[in-house]
Amino acid sequence: MRIVGLTGGISSGKSTASNLFKSHDIPVVDADIVARDVLKKDTGGYKGVVAAFGDDILQANGEVDRPKLGQIVFSDPGKRQLLNRLLAPYISSGIWWEILRLWFKGYKVIVLDIPLLFEAKMDKWTKPNIVVWVDTETQLQRLMARDRINEEDARNRIKAQLSLDLKRSQANIVIDNSGSLEDLEEQFQKVLVQVTRPLTWSEFWLSRQGTFSALVSTVVGVAAGKNVLSKL
């Protein structure tokens with residue numbers, strides 16, 4: 001099985017690239033969706049975050065007010081690190097359960113859409129690692145327009161993440177999304193060819209089909225060995 005890493009930065013276009021993979025029937029495990037699930041009311045992640053940040057981050061229905069929590073952690077690096085530490089075990093567990101579910105379904109290629117791919121050291125489990133890159137000024141303007149926030153808030157959110165240039169230096173594949181959607185789609189077609197190439201032998205043995213083949217070979221080998229021994 002090939003586990004592809006996909007990351008980028010806020011307003012870099014990572015979600016667009018993720019949707020392109022989905023449109024080509026390649027399953028995507030989205031860490032943001034997993035993170036939302038682990039913050040649902042009465043889950044372990046929910047209880048830990050509420051205990052750390054207080055009831056002020058809750059809505060009237062008891063659910064976490066995500067925009068309010070976001071404002072708190074984006075303006076305070078210490079609180080952002082605390083939130084990451086609290087949720088990281090739950091998010092990691094959720095991601096691996098999703099991978100296992102897709103493995104059982106027989107998928108040979110899976111994309112992990114993880115904003116903190118390098119920061120969380122998840123890149124050691126994924127290859128190739130794709131970074132959706134955009135120049136800083138374009139990223140800033142897109143973020144301000146998307147979230148309708150001022151320049152200072154936008155810069156603070158960008159600075160809260162590992163720089164795209166640093167992520168780019170650690171990538172196996174870079175998608176430059178500084179241009180148009182058509183440019184992005186054209187680059188994606190080339191990436192798709194690389195991602196869907198035939199599995200290497202090591203990747204094949206990690207797939208469900210490879211595991212099944214190994215199991216069958218073992219059973220046949222044991223049976224043949226017993227047959228030989230019975231004739232001695």
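These are my notebook entries on a predicted model.

**Entry 1. Ground rules**

I treated this as a predicted model in which local features need pLDDT of at least 70 and side-chain atom pairs count only at pLDDT 80 or more, while totals for chains, interfaces and linings use all residues. Residues are numbered from 1 along each chain as its sequence is written, and side-chain values use heavy atoms, with hydrogens and water left out.

**Entry 2. Confidence**

I looked up pLDDT, the predictor's confidence in each residue, from 0 to 100. The chain average is 89, and 90% of the residues score at least 70. Contact here means heavy atoms within 4.5 Å. Helices (H or I, at least four residues) and strands (E, at least two) are DSSP runs, numbered from the N terminus.

**Entry 3. The sheet**

I traced the strand order next. Five strands make up an open sheet, β2-β3-β1-β4-β5, with parallel pairing. Two strands pair if DSSP finds at least two bridges between them. In general, strands of a sheet pair through backbone hydrogen bonds, either parallel or antiparallel.

Which are the edge strands? They are β2 (28-30) and β5 (173-176), each of which pairs on one side only. On average, neighbouring strands of this sheet are turned by 20 degrees against each other, direction ignored. For such angles, axes are lines fitted to C-alpha atoms, for helices over the stretch in contact, and angles run from 0 to 180 degrees between N-to-C directions.

I followed one pairing in detail. Strand β1 (residues 2-7) pairs with β3 in the parallel sense over five bridges, and G5 has L112 as its bridge partner in β3. Helix α2 lies across β2 and β3 and runs at about 45 degrees to β2.

**Entry 4. The loop between β3 and β4**

P128 lies in the loop between β3 (109-113) and β4, and the peptide bond from K127 to P128 is cis, with omega near 0 degrees.

K121 is placed in the loop between β3 and β4. Its phi is near 65 degrees, a positive value in a residue other than glycine. K121 has a relative accessible area of 54% and therefore counts as exposed. The classes are buried under 20% relative accessible area, exposed over 50%, and partly exposed in between (1.4 Å probe, protein chains only).

M122 is also found in the loop between β3 and β4, but M122 is buried, because its relative accessibility is 8%. Leaving aside residues up to four places away in sequence, M122 touches I95, W96, L112, I114 and L117.

**Entry 5. D42**

I looked up D42 for its backbone angle. Phi of D42 is near 75 degrees, a positive value in a residue other than glycine. D42 sits in the loop between α2 (31-38) and α3 (44-53) and is exposed, with a relative accessible area of 53%.

**Entry 6. K167**

Is K167 buried or exposed? K167 lies in helix α8 (residues 164-169) and counts as buried, because its relative accessibility is 1%. K167 touches T7, G8, P115, F118, E119, V131 and L162, not counting residues up to four places away in sequence.

**Entry 7. Aromatic rings**

How many aromatic pairs does the structure hold? I found four. W103 and F104 form an edge-to-face pair, with 5.1 Å centre to centre and 80 degrees between the planes. W103 is buried, at 18% relative accessibility. W201 and F204 also form an edge-to-face pair, at 6.0 Å centre to centre and 90 degrees between the planes. Rings of Phe, Tyr and Trp (its six-membered ring) pair if their centres lie within 6.5 Å; planes under 30 degrees apart count as stacked, over 60 as edge-to-face and the rest as tilted.

W201 and F204 both belong to helix α10 (residues 201-206) and lie three residues apart, about one turn of the helix. W201 is exposed at 63% relative accessibility, whereas F204 is partly exposed, with a relative accessible area of 23%.

Last, I noted a charge over a ring. R168 lies over the face of W133, at 4.4 Å from the ring centre. The criterion is NZ of Lys or CZ of Arg within 6 Å of the ring centre and within 35 degrees of the ring normal.
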